[in-house]
Amino acid sequence: HASSPSVVMNGHFASVGDAPSREQYEHGIQVVNENKEFNHDLSTYLALEKIIPAGFNYHLISVFGSQSTGKSTLLNHLFGTEFGVMDEADRRQTTRGIWMSINKRGARSDATNGDGAEGEDQDFERKSALFALATSEVLIVNMWETQVGLYQGANMGLLKTVFEVNLQLFVKGNKNIPRSLLFFVLRDSIGTTPLSNLRETILKDLSNIWTSISKPEGLEQSRIEDYFDFAFVALPHKILQAEKFVSDIEKLSTRFREGYKDPKISGLLNEEDQPVFLPEYHRRIPADGFPVYAEGIWDQILNNKDLDLPTQQELLAQFRCDEIAREALIGFDEAITPLEEKQAADATAGTPKIIPDLGKTMNEARTSVLKNFETEASRYHKGVYTRKRAELESKVDARLKALFKGQLSAAHKSGVATFSDAVSAAVKAGQKKGASYDFASIVESEKQKAITRFEEELNLFRKELDEVASRLRKEEMRRLATRVERWVRSRLGESVGLEFNKLGSGRGGSGAPEHGEKPSSEKDLWDRIWAVFTETVEHAEARFTERARSFDASPEEVEVGIWRLRRKSWGALRSKIEEELMEGNLLLNLRENFEDKFRYDADGVPRIWRPTDDIEGVYTRARESTLQLIPLLARFRLARTNAPPPLDAWIGTPPASVQPADEEDMAPIGGVDEDEGKSLEEEMTVLGDAKQADLSTRFKKMADGVYVEAKRGAIGGVTQ
Ligand code: GDP
């Protein structure tokens, strides 16, 4: 039907007035506000826009993607919507929530846009993404081309949760499996990687995600293709290729027209590209029922625990772990409670008795209660599980200790009684014989026997105590190590982040360096990072050693702990560096570095360009100076030795007492773990050659843009 209206969803935030008028909905309607409340005016809006009477003749399109990736810009171009766009100059997020607007171009279609994708608002991000997935026929997945293949950047983690919960909530038990189109739109494409390769990478990532998600019963064998079709398109840079950007989007918009069937209409499309609207994508909700339906979906999403923030997951884990612990304790009680009761009764009666085979019974009961707990509870939130396990252990151990104490006291009392009986018996026997008897030696020998018997018990006790103590100490060491590692990670996060930020302000009083000399903040970046790193870890080691000594850890245990700490800390540093050098972050830093050199003079005063200025000269120097940063950043190399940092020597060889369990959770390190086949040089390489070249290209384009702007500004200034 050529005139089916469609609705476009977007995630944004603004306020809406009272009296319903079309003007007030110029930017569409906020379906869900930043407090996660559903807007009951949705039907008013859909009525004003004449969607309500459309029956099944409407389409719903949503967009999904990280904050400020140009989602609104895309929708506005595609559908003539007027979603708020981030102010270029200000770079502030202006809108939050989920927004919907009628398609204002030609064939009408509505789209929603789910944003709220602020780093601190993952919760909203997940929920709005799932909302979009559950309601829309077409989900535009919007991302920078450079994000392709990066698990984080490409929202893959988010997609995983969203897929998982979508299956659980909306697909399971549904006779007609709803199908949707995942339409990947890759932004700022530079065209060096063919679309078919990008497509392959994304499909591979998606199918990996699909394999890894936990699927409800009956859907274990399902494949991602059972639920989704895929389409891919790459768009040029909005500013650098402004005209092509507009004309490509124009072509793309033809695919969203109802009558679109023939891929040849648009040169953008691949042979295999499907039309965007297929009847099977439609959720079959009559338009007048949509507001209620959408609200129901949103309620379900709000009430779903798995989508909540980790704290909610922790709450769930706490609740479940407690339940599981109670169940596991039933078996323990069956074995131990009768012994406790008997011991208490004997003690009250003043006839303490040694319980036979107590050690064995206790051991078995302890092992089994922990094992049962572990089987069920280890599936829940890791941190909570570990804590609850420790709680259970100490509860169980406290009871076992009390039993042991009773046993010891019984051994003591019964030993005394046995001794006294034995001496009396010997004296009686001596008297019977009528002969003289040596009382002193009778006492002495019976005393020896009693002590020997008691010592047997005591040794058993000692042995058991030692075992328990060493296990508890190991656990305490682990807890300590985790605390210290966390401390290192957060310190490195701050201090290393700070070092990279210094790069952003390339000014440092140097302005555009005249002789290609890099400011010292750039040149010795890695030296400073290495210094900060080793200092931080040394500090952590001192804390670790001091605490470990305080609970009697052996020198070997401390040695292993420190070795682990160093390795883990390196891992933390490496991932911090990777985070800093993620394409987006890095480009941003380079841009700032360049702009500071270009736009400010040596005294840090902003330049006002006049046509007579040597704009080109300053530009070239600033650009070259920033370009030099790329190879510098690509490798972790100390300026003072012109070599990688001595990581191998610093970590050292594994201590002799390392157990396989100590190595379990540690990633191999190139150049340190011999059998890894990866050299130190490789471990220290953060950006490969291809990446560097690509970055240079992208940076240059960006710099060109800034230069042209400055040049125009200078000329503009003259004509005024
Ligand atoms: P949203 O938060 O994802 O909806 O993003 P916006 O549409 O508000 O855009 C964020 C910023 O990126 C704005 O300053 C846009 O001008 C800019 N922008 C939009 N599209 C593109 C694009 O294709 N390439 C680049 N480089 N910038 C874009």
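This is a predicted model: local features need pLDDT of at least 70, side-chain atom pairs count only at pLDDT 80 or more; totals for chains, interfaces and linings use all residues.

1. For the protein chain as a whole the mean pLDDT is 82, with 84% of its residues reaching 70 or more.

2. Two stretches deserve a separate remark. Over residues 115-120 pLDDT stays under 50, and the model has 20 contacts beyond four places in sequence for them; over residues 508-517 pLDDT likewise stays under 50, and here the model has 21 such contacts.

3. As for the scores of the model, ipTM is 0.98 and pTM is 0.46.

4. Helix α13 is paired with helix α14 (residues 555-580), and the axes of the two come within 10 Å, crossing at roughly 150 degrees. Because angles over 145 degrees count as roughly antiparallel, α13 is roughly antiparallel to α14. The crossing of α13 and α14 is right-handed.

5. Which residues make the contact between these helices? From α13 they are F533, V537, A540, E541, F544, T545 and A548, while α14 supplies E557, V558, G561, I562, L565, R566, S569 and L573. Sorted by class, the contact of α13 with α14 has nine nonpolar residues, together with three polar and three charged ones.

Technical notes: Residues are numbered from 1 along each chain as its sequence is written. pLDDT is the predictor's confidence in each residue, from 0 to 100. Two residues are in contact if their C-beta atoms, placed from the backbone, lie within 7 Å. Axes are lines fitted to C-alpha atoms, for helices over the stretch in contact, and angles run from 0 to 180 degrees between N-to-C directions. Helices (H or I, at least four residues) and strands (E, at least two) are DSSP runs, numbered from the N terminus. Angles under 35 degrees count as roughly parallel, over 145 as roughly antiparallel, 65 to 115 as roughly perpendicular and the rest as oblique. A crossing is left-handed if the near helix is turned anticlockwise from the far one by less than a right angle, and right-handed if clockwise. Ala, Val, Leu, Ile, Met, Phe, Trp, Tyr, Cys and Pro count as nonpolar, Asp, Glu, Lys and Arg as charged, and the others, Gly among them, as polar.
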